[in-house]
Amino acid sequence: MDDLLTIGAFAARARLSAKALRLYDRLGLLTPAYVDEVNGYRYYRTDQVERARLVALLRQLDMPLARIAEIVDAVELDGTLAADRLAAYWAGAEERFASQRTLVAYLRGRLSGRDPGVNGMDETYGKFVVETVDTAPQVLLTQSRHTLADELPAWIGASLGRLEEGAAVCGGTTGAPFVVYHSEVSMESDGPAESCVPVADEGAARAWAAEHGRAWETEVRVEPAGRLVYTRITKAQVAHPQILAAFEAVERWIAGQGLEVVGPCREIYFADWDAAGPEDPVCDVAFPVAS
C-alpha cells in the first residue's frame, strides 16, 4: 500500500478530478490498482498517471469511449499503432466536420428563406461554380436498383465495383463512372438509381451483361452525344442531404439560362474515392440539357 496513491493524490498528479477518475473506472478506461473492500477507497499506481492524462485529452476530441480504449490499450503495446489509430479517427472526424459545414450552410439558406437568384450567388449557392460540357456518345455497362438514401452509398460502391470489373473484359473503361437518378432517391422515395460505366467494346459488353444480367440487373445501353450542365463538389459535399444544395444550384442556373432539361440528373465520379480527402473534388453533379 505504501507505493499506491489515494484517489485525491492521484487526481492531483493527473490534473483530473476525483469525479472524473470514478467515471473512468465505471467506463473501464482506468481501473484502480487496488480497491479497499471495507471502505471502497480507490488507490492508483504512479505509472497510471500518463494513461489518465491521455484518456482526458482524447475525451476532449469527442472520441467515443470504445475508440479511446483502443488507443490507450495500444500505447502499452506499440506507440506507433496508437498514433495510427488516432490519425484514422481524426481523418474520419475531419470528413464529418467538412460534411456538417456544408449541411449547415445548406440549412441556413433553407431556414432564412433567401432567394439565391438565377446565378445562385449567396452564402449557400455561391460556392458552386456551374459550367457546361459537350459529351460524346458512350457505350454504357449499367446496373439499376430501387434503393433508399441510407442504402445508396453502399450500393453505388458495390455496383460500380462490379461494373468496373466487367469493363476489364469489355475493352476497358472510356470515361468516368456515374450514377443516374431516374426518380428521387430519399428516405421516402427509392428511385431507381442506375450505375453506369462507359466501355470500349459494345459487343463484349452485351455478352458480359447477358451472362450477369439476371443476378445483377445488368444491361447495356448507348447514350448519345449531348450537353451537361454541372458543378464540381468535394467528397464531403457528396453526403446526403448536403448534395441537395449542389443539385439545386445547378437547377437554378439552368432555369436562369432558360435551358431545357432533357434527362435525369447524375453524379459523375472522376476521382479515386478512397484516396481523396474531405475537401478534395471527387464528383460532378450534372443535368443533361438540350444542346
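Here Ala, Val, Leu, Ile, Met, Phe, Trp, Tyr, Cys and Pro count as nonpolar, Asp, Glu, Lys and Arg as charged, and the others, Gly among them, as polar. Keep that in mind for the tour. The model on screen is predicted.

**Stop 1: the largest pocket**

Select Ile 156, Tyr 181, Val 238, Glu 267 and Tyr 269. Of the 36 lining residues, these are the closest to the centre of the largest pocket. The space there is about 940 Å³. Now colour the lining by type.

Helix 6 supplies eight residues, the largest share.

**Stop 2**

Move on to Thr 135, Gln 138, Ala 176, Leu 228 and Ile 268. They are the closest to the centre of the second largest pocket, among 13 lining residues. This pocket holds about 260 Å³. Show strand 4 (130–135), strand 9 (226–234) and strand 10; each gives two or more residues to the lining. By type, the lining splits into six nonpolar, four polar and three charged residues.

**Stop 3: the largest nonpolar core**

Select Leu 141, Ile 156, Tyr 181, Val 199 and Ile 233. These have the most contacts inside the largest nonpolar core, a set of 41 residues. Several elements give two or more residues to this core, including strand 5 (138–145), strand 7 (193–199), helix 7 (202–216) and strand 11 (281–289). Helix 8 gives the largest share, eight residues.

Stay with Ile 156. What does Ile 156 touch, leaving out residues up to four places away in sequence? Its partners are Val 179, Tyr 181, Ser 195, Glu 267 and Tyr 269.

A second, separate core has 25 residues. Pick out Leu 5, Ala 11, Tyr 44 and Ala 56, which are among them.

**Stop 4: Ala 98**

Go to helix 5 and find Ala 98. Is Ala 98 buried or exposed? Ala 98 counts as buried because its relative accessible area is 4%, and the cut-off for buried is under 20%. Beyond residues up to four places away in sequence, Ala 98 touches Ala 236, Pro 278 and Glu 279.

Last, draw a line from Ala 98 to Gly 172, C-alpha to C-alpha. The two lie 34 Å apart in space and 74 residues apart in sequence.

Technical notes: Residues are numbered from 1 along each chain as its sequence is written. This is a predicted model: local features need pLDDT of at least 70, side-chain atom pairs count only at pLDDT 80 or more; totals for chains, interfaces and linings use all residues. Side-chain values use heavy atoms; hydrogens and water are left out. On a 1 Å grid over the protein atoms alone, a cavity is a set of points where a 1.4 Å probe fits but cannot get out, and a pocket is an open set with protein on both sides within 12 Å along at least five of seven lines; lining residues have an atom within 4 Å of a point. Grid points are joined across faces, edges and corners, and a volume is the space filled by probe spheres set on the points. Helices (H or I, at least four residues) and strands (E, at least two) are DSSP runs, numbered from the N terminus. A nonpolar core is a set of buried Ala, Val, Leu, Ile, Met, Phe, Trp, Tyr and Cys residues joined through side-chain atoms within 4.5 Å. Buried means under 20% relative accessible area, exposed over 50%, partly exposed in between (1.4 Å probe, protein chains only). Contact means heavy atoms within 4.5 Å.
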